Amino acid sequence: MTSEDPDTSSLFLYEPTIIAQLADLLAPNFDPVVQYAAVTALDACSRHRAKISEVLAALGANLTHGCLLELFRRITRRLVENGENGGYMSGSFLTTENVAYDLVDAVFGLIANLSNTPTHCQILVGAGILPILLDLTQTRCDRRDNVSS
């Protein structure tokens with residue numbers, strides 16, 4: 001976490017609702033590239049002490065149906081289904097469900113950053129992130145097998 005510098009302060013001064021607008025881009029009707037950019041920007045915003053609570057609120061991190069857990073649930077479901085159907089991942093995208101590796105990595109990075117403090121970790125656990133993480137153990141793909149072996 002870093003303190004805010006004048007450039008960042010002026011960004012939030014002229015765009016006070018940018019965090020909420022970025023969270024809105026995580027809806028399922030947006031392209032994975034747009035979602036990746038939004039998750040990356042939210043991750044950057046959450047690294048500022050004064051904005052982490054705003055990021056958590058915008059993502060609905062304390063809610064089972066919040067946009068962060070919904071996105072994480074969709075990604076996990078697609079990864080598990082892709083492995084069960086014998087699909088494979090090539091390049092940056094799943095061949096059957098179009099989930100970008102970059103988006104998966106960005107969501108993991110954001111969750112790791114948000115769970116950095118015990119209070120924020122309890123918020124995520126209370127919202128139900130553990131069952132989703134356990135579902136990820138059922139994924140079968142070349143990329144996961146290479147990392148886990």
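A residue counts as buried under 20% relative accessible area, as exposed over 50%, and as partly exposed in between. By that scale Phe108, at 35% relative accessibility, is partly exposed. The structure is a predicted model, with a mean pLDDT of 80 for the protein chain.

**Confidence**

- In the protein chain, 77% of residues reach a pLDDT of 70 or more.
- Helix H2 (residues 18–24) has the highest confidence, at 95, whereas strand S2 (residues 93–94) has the lowest, at a mean of 43.
- Over residues 86–98 pLDDT stays under 50, and the model has 24 contacts beyond four places in sequence for this stretch.
- Where pLDDT is low, the predicted coordinates should not be read in detail.

**Nonpolar core**

- The largest nonpolar core holds 33 residues, of which Val39, Leu59, Val107 and Leu114 touch the most other members.
- At least two residues of this core come from each of H2, helix H3 (32–46), H4, H5, H6, helix H7 (118–127) and helix H8 (129–135).
- H6 supplies the largest share of the core, 7 residues.
- Leaving aside residues up to four places away in sequence, Val107 touches Val39, Leu71, Phe72 and Ile75.

**Helix H6**

- The 14 residues of H6 should span 20 Å at 1.5 Å a residue, and the end C-alpha atoms are 20 Å apart, which agrees.
- The buried residues in H6 are Tyr101, Leu103, Val104, Ala106, Val107, Leu110, Ile111, Asn113 and Leu114.

**Ring interactions**

- The structure holds 1 aromatic pair.
- The ring centres of Phe72 and Phe108 are 5.5 Å apart and the ring planes lie at 85 degrees, so the pair is edge-to-face; the cut-off for this class is over 60 degrees.
- This pair links distant parts of the chain, with Phe72 in helix H5 (residues 67–84) and Phe108 in helix H6 (residues 101–114), 36 residues apart.
- Elsewhere, the charged end of Lys51 sits over the ring of Phe12, 4.5 Å from the ring centre.

**Gly60**

- Gly60 lies in the loop between helix H4 (52–59) and H5.
- With a relative accessible area of 8%, Gly60 is buried.
- The C-alpha atoms of Gly60 and Ala127 are separated by 9.0 Å, although these residues are 67 residues apart along the chain.

Methods:
Residues are numbered from 1 along each chain as its sequence is written. This is a predicted model: local features need pLDDT of at least 70, side-chain atom pairs count only at pLDDT 80 or more; totals for chains, interfaces and linings use all residues. Side-chain values use heavy atoms; hydrogens and water are left out. Rings of Phe, Tyr and Trp (its six-membered ring) pair if their centres lie within 6.5 Å; planes under 30 degrees apart count as stacked, over 60 as edge-to-face and the rest as tilted. Helices (H or I, at least four residues) and strands (E, at least two) are DSSP runs, numbered from the N terminus. Buried means under 20% relative accessible area, exposed over 50%, partly exposed in between (1.4 Å probe, protein chains only). A charge sits over a ring if NZ of Lys or CZ of Arg is within 6 Å of the ring centre and within 35 degrees of the ring normal. The expected span of a helix is 1.5 Å times one less than its number of residues. pLDDT is the predictor's confidence in each residue, from 0 to 100. Contact means heavy atoms within 4.5 Å. A nonpolar core is a set of buried Ala, Val, Leu, Ile, Met, Phe, Trp, Tyr and Cys residues joined through side-chain atoms within 4.5 Å.
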